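Work through the following exercises with the sequence and the coordinates at hand.

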Amino acid sequence: MGLLECASGASVWRGYHYYKEKKVLSLKEDENNIYFATVSGSASKPYTVELHLNHPRKSKCNCPHADGKRIICKHIIATYFTVLPEEAERFYAETMAYQEEEARHEEEVYDEVMRYIGKMKKSELQQTLIELLMNGPEWQYDRFVREYGLDDWYSNDGGY
C-alpha cells in the first residue's frame, strides 16, 4: 500500500496545500530511500519528519496528530510531494478529474429526476410529497410547514 492510501483524505489534501505553500523547509536523503525534513506547521517550531518511501507505515512526524502513532499526517504528505512532485501533480489531476466526473453525473441524475417528475400525474406528485414529508427527517416536515405558513404556532414564536 502506498503512502497516499495510508493517509486520510484530509491529511492528503492538507499535505498537498503545505507542499504548494512550500512549508517543507529542509530536506535530506539517506542511502536507504529515507528522507528527513523539517516542515513548518501551526507550532512556532517546525516539525521533524522521517519519510520512508519503501515502507510508508514506518514514516514518522513529531506533530501532535502523528507523534508516537502510525499515522500519516499532512507534514509527511507534504514531504512526500516535495520529494516526488510528479506524484503531487498526479494526485491533483486525478482528484480534479474525479470531481468533474462526479459533478457531471450529479447533473445527469438531476436532469433524469426532473424528466421523471415532469411525467408524473398530479395525484402521484401529491402522494410522493406526502411520503417524503412523513418518512423524511423531522426538520424537513417542520421546514415545509414553516415555509408555507401552515401552522400559526411557528409564526407566533412557538417554533425554532
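A residue is called buried when its relative accessible area is under 20%, exposed when it is over 50%, and partly exposed in between (1.4 Å probe, protein chains only). This is a predicted model, in which local features need pLDDT of at least 70 and side-chain atom pairs count only at pLDDT 80 or more, whereas totals for chains, interfaces and linings use all residues. Residues are numbered from 1 along each chain as its sequence is written, and side-chain values use heavy atoms, with hydrogens and water left out.

**Exercise 1. Determine where S59 lies, whether S59 counts as buried or exposed, and which residues S59 is in contact with.**

Step 1. Helices (H or I, at least four residues) and strands (E, at least two) are DSSP runs, numbered from the N terminus; on this scheme S59 is placed in the loop between β3 (47-52) and β4 (60-61).

Step 2. S59 counts as buried because its relative accessibility is 2%.

Step 3. With contact taken as heavy atoms within 4.5 Å, and with neighbours within four places in sequence left aside, S59 is in contact with L3, E50, L51, H52, I72 and I76.

Step 4. A polar contact is a pair of N or O atoms within 3.5 Å, where within protein one atom must be able to donate a hydrogen and the other to accept it, and where residues adjacent in sequence count only if both atoms are side-chain atoms. A polar atom of the S59 side chain lies 3.0 Å from the backbone nitrogen of H52.

**Exercise 2. Describe the surroundings of I76 and the burial of the helix in which I76 is found.**

Step 1. I76 belongs to helix α3, and because its relative accessibility is 0%, I76 counts as buried.

Step 2. Not counting residues up to four places away in sequence, I76 touches L3, V49, L51, S59, K60, C61 and I71. Of these, C61 is 15 residues from I76 along the chain, and the C-alpha atoms of the two are separated by 6.7 Å.

Step 3. The buried residues of α3 are H75, I76, I77, A78, T79, Y80, F81 and V83. Since eight of the ten residues of α3 are buried, this helix is largely enclosed by the rest of the structure.

**Exercise 3. Compare the span of helix α4 with its expected span, and find which residues of α4 are buried and what they pack against.**

Step 1. The expected span of a helix is 1.5 Å times one less than its number of residues. Helix α4 (residues 85-119) has 35 residues, and the distance from its first C-alpha to its last is 52 Å, close to the expected 51 Å.

Step 2. E87, A88, F91 and T95 are the buried residues of α4, and they pack against α1 (3-6), α2 (9-20) and α3 (74-83).

Step 3. T95, in helix α4, has a relative accessible area of 15% and is therefore buried, while its side chain reaches the backbone oxygen of F91 at 2.8 Å.
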